[in-house]
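Take a look at the fold before reading on. Keep the sequence at hand.

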Amino acid sequence: MTTLLFGRPPAVFDPPGDATQTSPLIPGSTALEDMADGAVEVIMVYAPPGVLERRYTLAQALRVLKAGGRLDVMAPKDKGGSRIRKELEAFGLEIGESAKAHHRRCVVIRPEKAAGVDDAITAGAPRIVPGLKAWSQPGVFAWDRIDAGSALLAQHLPPMKGAGADLGCGYGALATVILRSAAVTSLRLIDLDRRAIEAARKNVEDPRVTYEWADVRTIEASGELDFIVMNPPFHDGGAEDRRLGQAFIRQASAMLKKGGVLWLVANRHLPYEVELDAAFKRVTPVSDGGGYKLFEAVK
């Protein structure tokens, strides 16, 4: 029996240990979009919080399920769980619903036909975003706008030179600024989100660039880079986790050579100064405004 898993449901829901993982946020997973129609008997989905992303994921799950196949969906009540039943009913499905561990869970047996699947896939698919003139997709960080922190970093970033990296590159907005400098010899774009990397491949076409779908916290750090820029994440599964940004800072230090420079932007309330001072020889506050703070740190 072919079983798929999307995301990482809590253990209380007994996720299948032998299932094929399909989340774009888990490097190495299989792309649900690439699977054939009606190829799967069972799929468990830990639904993402964004409406367009969630409906897209549910529609893709229904597309790959065989008629008579089982769709098992759950989400925290305050992060989409309260909407799952209505969203599944909009596909013309009969729902079995339960509540457990502050989550809502819906189970569906796929009928021969489901309504609105193609429309939901179109609404959540990659596209060129008007105004950005760049490829992106619902679910990617700041998918339809220039994030204010990244804009602040771009405004103050001096011309970079040598080999560098953009940690948590998103769809490539900062990379286009970095690559304006002819002195940049190479640039690694690294992100946990496969969709962001796929968008960056389309948005940043430059022979100096490499693209890496990877968890920044676990990549090999050889201490050879001249510069790093980053606007690190501070949410994990929708909940604030300040340890993410702190881990990014430690990893940036490990990836840089002596004298290498880090440019970091972060929300003002995040406590990164202690981590910066511990990992770098010199830390200079560059800007503090609009809810963000910007640092230059030299190893």
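What follows moves from the strands to the rings.

This is a predicted model, where local features need pLDDT of at least 70, side-chain atom pairs count only at pLDDT 80 or more, and totals for chains, interfaces and linings use all residues. Residues are numbered from 1 along each chain as its sequence is written, and side-chain values use heavy atoms, with hydrogens and water left out.

Start with the open sheet. Six strands lie in the order S2-S1-S3-S4-S6-S5, and their pairing is mixed. Strands here are DSSP runs of E of at least two residues, helices are runs of H or I of at least four, and both are numbered from the N terminus. Two strands pair if DSSP finds at least two bridges between them. S2 (20–21) and S5 (96–100) are the edge strands, each pairing on one side only.

Now go inside this sheet. S3 (residues 40–46) and S4 (residues 65–76) run parallel, joined by six bridges. Val-42 stands opposite Arg-70 in S4.

Further along, S10 (residues 184–191) pairs with S11 (residues 209–213) in the parallel sense, over five bridges. Leu-187 has Val-209 in S11 as its bridge partner. From S10 the chain crosses through helix H6 (residues 194–203) to S11, a right-handed β-α-β crossover. Right-handed means that, with the strands pointing away from the viewer, the path from the first strand over the helix to the second runs clockwise.

Finish with the rings. Which residue lies over the face of Trp-213? Arg-194 does, at 5.8 Å from the ring centre. The charged end of Lys-202 sits over the ring of Trp-135, 3.9 Å from its centre. Such a charge is NZ of Lys or CZ of Arg, within 6 Å of the ring centre and within 35 degrees of the ring normal.
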